[in-house]
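Here is a short report on one protein model with its ligand. Please look over the sequence and the structure before reading on.

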Amino acid sequence: MNADVIVVGAGIAGLRCATRLLELGRDVIVLERDDAVGGRVRTDVVDGFRCDRGFQVLNPAYPAMQRWVDLDALDLASFRAGVLVRQRDGLAVVADPVREPRLLGATLRSGYVRPLELAALARWAARVIAAPRAVKAQPDRALAESFDAAGVTGRLRTEVLDPFLAGVLVDSHGRTSANFTKLLVRSFVLGRPGVPRLGMGALPELLAAPLRGRVRLHAEVEAVFPSGDGVEVRVAGTRLRAGAVVVATDPVEAAVLSGLPQPAVGGLVTWWFEAPEAPHPLALIAVDGRRGHPSGAVRSPGPVWNTALMTAAAPSYAPPGRHLVAATTLLDRADGEAGEAQVRKHVGEIYGVDTAGWRVVTRHRIDAALPVQQPGTPLRRPVVVRDGVFVCGDHRDTPSLQGALVSGNRAADAVHAHLG
Ligand SMILES: Cc1cc2nc3c(=O)[nH]c(=O)nc-3n(C[C@H](O)[C@H](O)[C@H](O)COP(=O)(O)OP(=O)(O)OC[C@H]3O[C@@H](n4cnc5c(N)ncnc54)[C@H](O)[C@@H]3O)c2cc1C
């Protein structure tokens, strides 16, 4: 045997799985095909700008983050607890009145604070916010249907929640599980999402620290198969053997290596721009509310679903005094692959600034950003594939950093029990 356990993939799930196995006293090797750990959580440094591979944020309210991640070591730079919304006649701010009392006046002026819709939204989410486990007992349906059923049908939904959640869920049609979305909304209500000052890639680097010497990079596993009383993997023409193997890859590759059915996945493109001046002073994620205006006058204003001035939250994302903006389009629409000119124009409209002088720093296209969480899918799925072969990743739990961490931990416990 080369080790007790081989973990295939050094994304968030694989790293948590391997660390948990080490804690349980197991000898473990991690095989990663890329040149660094992190999987879908990586940061490219381009001309001194920190560009995550697709705009994403870390929510410190995730229970798994609090349990297994030294959040202080990540030195999070937080966004404000609200959203900036492009309206037909200006920019509105909608923020949590409790956490952002200074934005209360602007929030009240936004036109979105309407008692009936707020009451409906509270009915939609309250139970899960108070008791997250309650969500498992609730019947599930698609997000759009669940909003309709709860009476969340006004402008707060169509101009703020729909575009904001589309970007977060990588789903512009509201087809994602409402139960999963409620859990996600809960974490936004309880936590203040941010980014590590050195970029999202600092998260997997931190998770990999206890695994020094056990992670092999540039090691692409080609096959996983039973062998005697253990399991073998084929990697670059050689074979490694262990008592158990955990397939901790993305869901597409997991289907190839483990034979599990391949889930549907959603994709996106994030553009990173350097702006000569900050387009807005506040560290808020911005969306275009015009696409949901009841008049229907601007059904499809442009391809960008969210945009954020990264350097308002984390100045360390750029060289001193310079400004970095992220803008994301979704591949579930024809305009998701929009060209630079369209993206630049639309971001300019959202902030109400001229973007002619903006420079593209880089662009990331991620075809399989998130597995789709279909309504009715159990929030936790089995991690045992067959004797000695296990699987983890966000496709086994919820499509999130929380889900990836939990699935990795669950798989490690299952392997430990299997090895006896
Ligand atoms: C652009 C974007 C934005 C996101 N935004 C958020 C957000 O704001 N909040 C949130 O909670 N979540 C977000 N997510 C989701 C979150 O990043 C993922 O759920 C999580 O990172 C998945 O981790 P994983 O370990 O399951 O899979 P992965 O990160 O895909 O890791 C799998 C690893 O396996 C390796 N691998 C694959 N095949 C092989 C092979 N044959 N041999 C060896 N190694 C292999 C890969 O190289 C990779 O390192 C976002 C994701 C993306 C892409």
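## Domains and their contact

This is a predicted model. The domain assignment gives domain 1 (3-42 + 201-262 + 380-419) and domain 2 (46-198 + 265-371). Their C-alpha centres are 31 Å apart. Domain 1 puts 17 residues into the contact, and domain 2 puts in 19 residues.

On the domain 1 side, α9 (202-208), α10 (251-258) and α13 each supply at least two residues.

## The largest nonpolar core

The largest nonpolar core has 123 residues. Val-7, Val-8, Cys-17, Val-245, Val-246 and Val-247 touch the most other members. Helix α7 (residues 155-169) gives the most to this core: eight residues. Both domain 1 and domain 2 give residues to the core, so it lies between them. In soluble globular proteins, nonpolar side chains tend to be buried together.

Cys-17 is worth a separate look. Beyond its neighbours within four places in sequence, Cys-17 is in contact with Val-7, Val-246, Ala-248, Cys-392, Gly-408, Ala-411 and Ala-412. Of these partners, Val-7 and Val-246 are also among the core residues that touch the most other members.

## The ligand shell

How many residues surround the ligand, and which are the closest? There are 34 in the shell, and Gly-9, Gly-11, Gly-39, Gly-54 and Gln-56 are the closest. The elements that give two or more residues to the shell are α1 (12-23), β17 (359-371) and α13 (401-419).

The shell residues divide into 16 nonpolar, ten polar and eight charged. Domain 1 and domain 2 each contribute at least three residues to the shell.

## Helix α13

What span should α13 have? At 1.5 Å a residue, its 19 residues should span 27 Å. The end C-alpha atoms of α13 are 27 Å apart, so the two values agree. Gly-420 follows α13 and has a positive phi, near 80°.

## Asp-35

Asp-35 sits in the loop between β2 (28-31) and β3 (43-46). Is Asp-35 buried or exposed? Asp-35 counts as exposed because it has 8 C-beta neighbours inside 10 Å, and a residue is exposed at 12 or fewer.

Asp-35 and Arg-216 are 181 residues apart in sequence, yet their C-alpha atoms are 9.3 Å apart in space. Leaving aside neighbours within four places in sequence, Asp-35 is in contact with Leu-217 and His-218.

Most residues other than glycine have a negative phi. Asp-75 has a positive phi, near 50°. Asp-75 lies in the loop between α3 (71-74) and β5 (76-78). With 14 C-beta neighbours inside 10 Å, Asp-75 counts as partly exposed.

Ala-236 also has a positive phi, about 45°, although it is not a glycine. Where is Ala-236 found? Ala-236 is in the loop between β11 (230-235) and β12 (238-247). Ala-236 has 12 C-beta neighbours inside 10 Å, so it counts as exposed.

Methods
Residues are numbered from 1 along each chain as its sequence is written. This is a predicted model: local features need pLDDT of at least 70, side-chain atom pairs count only at pLDDT 80 or more; totals for chains, interfaces and linings use all residues. A residue is near a molecule or strand if its C-beta atom, placed from the backbone, lies within 6 Å of it. Helices (H or I, at least four residues) and strands (E, at least two) are DSSP runs, numbered from the N terminus. Ala, Val, Leu, Ile, Met, Phe, Trp, Tyr, Cys and Pro count as nonpolar, Asp, Glu, Lys and Arg as charged, and the others, Gly among them, as polar. Domain bounds come from an automatic or database domain assignment. The expected span of a helix is 1.5 Å times one less than its number of residues. A residue is buried if 20 or more other C-beta atoms lie within 10 Å of its own, exposed if 12 or fewer, and partly exposed in between; C-beta atoms are placed from the backbone. Two residues are in contact if their C-beta atoms, placed from the backbone, lie within 7 Å. A nonpolar core is a set of buried Ala, Val, Leu, Ile, Met, Phe, Trp, Tyr and Cys residues joined through C-beta atoms within 7 Å.
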